[in-house]
Amino acid sequence: MAPQAPTIEVPTDAELLQAQADLWRHSLYYLASMGLRCAVQLGIPTAIHNLGGVTSLPDLLTALSLPPSKQPFLGRLMRVLVTSGVFAAGNDSEVELFRLNPLSRILVDGVAADDHHIQTSFVLAATSPHYTEAALGLADWFRKEVVGPVPSPFEDVHGAALFDESMALLDKDLDALANDALAAHDNLGIGTIMRECHDLFKGLESLTDCCGGDGTTARAITKAHPHVKCTVLDLPKVIDKVQSDGVVNYVAGDLFHTVPKSQAVMLKLVLHHSSDEDCVKILSQCRSAIPSRVEGGKVIIIDIVVDPSLEPIMFEAQLLMDMVMLVNTRGRQRDENDWRELFMKAGFSDYKIVKKLGARGVFEVYK
């Protein structure tokens, strides 16, 4: 008797049509990302800002110095970007107008403001050929048997690791862009943290900001809390480029080996780049650098806390950020149980979540 062929449930006509539309969306979402990349490269958010925050399509075309023949195509691009939430739109006397919204405002260049951390480098890095090539290699990466630590798909495809010296050898421009994107991403929201978690730094005498880059966060802390003496720890290649301002102390080093002693140590969007094993090593160094809880010692961790109870778009953003870590690093995003396990393995006795801010959580961890 011939074996029976496997059967499959056949969708209804309505389900089939919806499935096809969903398939289009999921297969073609990358075009929305590339449309965003195009908008950043053309300078559309900045152009709209310079036009007063609202503009018609003909005025936008002129401001961008694009050929008149491209106006219909620019309109189609803007339509997609409005639908995906990058820009807002409306009508005035039958003329369609395009406006900035909170998302496109953080893509406006050439503006000086304390809380304005331009995210164009994040967009350009995330949509760069090297990043997308790594993602295209996912299936091959899954099939490979590996002995020892598993490299990221990015490492597997390019033979270099992000934020490592090998990256500069692969592509100096991309290395610079990725580091700019990292700094911009990590500094975004520090003003919110200072306002929403003001007591986080209350009573502190000293703080070490691990991987603190050029000291943007440390300066924000000392501005709001002048009594806190801040030290920034980062790699020599980062510290060598920083001009000391006399406000923040800069130390070149590797947090895997030593962390300057202080009452508090801060890790802001650092640990999600690392494996669990490396996180425990880093946290152990931080634990050695602080005094007891009774003496005010604590490690402050600001990082993504995956939480399905968040509203769907925020939760989806967390999962996409986890995919970024899967493809490009050896790290991952973690839920509260994952964080608790890391803290206990590193020898800490207790922790608390001070506040959840969007996709991120603010932890205090104690010896």
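Helix 10 (165–170), helix 11 (172–187), strand 5 (229–234), helix 14 (236–239) and helix 15 (276–289) each contribute at least two residues to the lining of the second largest pocket, where helices (H or I, at least four residues) and strands (E, at least two) are DSSP runs numbered from the N terminus. The model is a predicted one, in which local features need pLDDT of at least 70 and side-chain atom pairs count only at pLDDT 80 or more, whereas totals for chains, interfaces and linings use all residues. Residues are numbered from 1 along each chain as its sequence is written, and side-chain values use heavy atoms, with hydrogens and water left out.

The second largest pocket holds about 1600 Å³ of space. Of the 45 residues that line this pocket, those closest to its centre are F163, N179, L182, L235 and K237. A pocket is an open set of points on a 1 Å grid over the protein atoms alone, where a 1.4 Å probe fits, with protein on both sides within 12 Å along at least five of seven lines, and lining residues have an atom within 4 Å of a point; points are joined across faces, edges and corners, and the volume is the space filled by probe spheres set on them. Helix 11 gives the most to this lining, with eight residues.

In the protein as a whole, there are 17 helices and 10 strands, and the C-alpha trace spans about 75 × 65 × 40 Å along its principal axes. Of the 367 residues, 41% count as buried, that is, under 20% relative accessible area with a 1.4 Å probe and protein chains only.

Conventions. Buried means under 20% relative accessible area, exposed over 50%, partly exposed in between (1.4 Å probe, protein chains only).
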